[in-house]
Amino acid sequence: MDLRVFYWCIFMNSIIFQEKEVTSAGKILNEGGILVFPTETVWGIGVRHDNEKSYERLIDIKRRSPDKPISLMAKDVESAIKLIKPNSKAIAFMRHFLPGPLTVLVQGRNSLPYWNHLGTGVIGIRVPDSLFVQQLLSNVDVPCLVTSANIAGEKTATSFQEAYESFFGKADAFVQGECGSSLASTIVDLSHESIQLIREGALSFSKLKKYYEEKCI
């Protein structure tokens with residue numbers, strides 16, 4: 001075991017990794033820790049999706065409303081598809097636009113833990129277009145619940161310093177680096193027949209809507 005991971009397990013102090021230390025950063029998540037890291041959009045903070053205690057800690061330190069689900073982040077598109085109920089239109093859409101700065105709301109598999117959807121049956125799915133994040137998730141046994149690295153209601157972190165100041169002494173570890181954009185991901189809802197915009201971010205909704213209505217049959 002990496003010595004810093006070992007000492008974190010004993011003392012629960014925040015530690016800082018470089019992006020090249022992706023294996024050690026992944027161990028923090030696998031051990032049930034909370035990790036802050038850069039994505040291709042804004043800074044993210046996440047935990048394993050199957051660890052309820054880690055999820056509850058994340059909700060607590062972010063001061064996030066417990067009735068707002070957190071999106072799942074998968075290492076690749078095929079891993080993301082395994083999390084959702086069969087939906088040919090949504091799958092065709094995901095395969096075209098992911099990886100990328102997009103979160104898709106879809107009906108999740110019944111086997112997913114309650115805290116992944118909070119009783120709605122609907123989950124958010126994201127596949128990052130970042131080699132570092134893909135490698136990070138490949139070092140974790142399962143997909144992760146990842147949200148923006150900011151205290152609820154405050155400005156979304158777009159730099160390491162902002163993310164560190166928000167979660168120093170609260171998150172278990174940080175990965176030092178740079179995010180790819182100041183815009184969060186676009187969020188669309190595909191859990192019904194039509195595509196619906198939840199939040200416009202790095203991707204244009206008009207482009208997404210056109211493809212869904214014309215190509216996803």
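Strand 9 and strand 10 form a hairpin with 6 residues between them. Helices and strands here are DSSP runs numbered from the N terminus, a helix (H or I) having at least four residues and a strand (E) at least two. The model is a predicted one, in which local features need pLDDT of at least 70 and side-chain atom pairs count only at pLDDT 80 or more, while totals for chains, interfaces and linings use all residues. Residues are numbered from 1 along each chain as its sequence is written, and side-chain values use heavy atoms, with hydrogens and water left out.

The helices come next. Helix 3 spans residues 52-62, and its buried residues are S54, Y55, L58, I59, I61 and K62. Buried means under 20% relative accessible area, exposed means over 50%, and partly exposed lies in between (1.4 Å probe, protein chains only). The cover over these buried residues includes strand 3 (43-48), strand 7 (144-148) and helix 7, a contact being heavy atoms within 4.5 Å. After helix 3 comes R63, whose phi is positive, near 60°.

Helix 6 (residues 131-138) has F132, V133, L136 and L137 buried. These residues cover an arc of only 130° around the axis, so they lie on the same side of helix 6; the arc is that of the directions from the helix axis to the C-beta atoms.

A search of the whole structure finds 8 salt bridges, each being a side-chain nitrogen of Lys or Arg within 4 Å of a carboxyl oxygen of Asp or Glu. One of the pairs is E78 with R95, whose closest N and O atoms are 3.1 Å apart. E78 lies in helix 4 (residues 77-81) and R95 in helix 5 (residues 88-97), so this pair ties together parts that are 17 residues apart in sequence. Both partners count as partly exposed, E78 at 41% relative accessibility and R95 at 48%.

The salt bridge between D50 and R48 has an N to O distance of 2.8 Å. R48 is buried, with a relative accessible area of 11%, whereas D50 is partly exposed at 34%. K155 and E162 form a salt bridge too, with their closest N and O atoms 3.2 Å apart. In this pair K155 is exposed, with a relative accessible area of 56%, and E162 is partly exposed at 29%. Salt bridges that share partners also join R48, D50 and D141 into one network.

The backbone oxygen of E162 lies 3.1 Å from a polar atom of the S166 side chain. S166 is found in helix 7 and counts as buried at 17% relative accessibility. F168, in the loop between helix 7 (160-167) and strand 8 (173-176), is exposed, with a relative accessible area of 51%. The C-alpha atoms of F168 and L145 are separated by 20 Å, and the two residues are 23 residues apart along the chain.

Finally, R126 sits in strand 6 (residues 122-126) and is buried at 6% relative accessibility. Its side chain makes a polar contact of 3.1 Å with the side chain of T41. A polar contact is a pair of N or O atoms within 3.5 Å; within protein, one must be able to donate a hydrogen and the other to accept it, and residues adjacent in sequence count only if both atoms are side-chain atoms. Leaving aside residues up to four places away in sequence, R126 touches T39, E40, T41, L72, M73, A74, G100, P101, L102, T103 and S185.

Technical notes:
Pairing = 2+ DSSP bridges.
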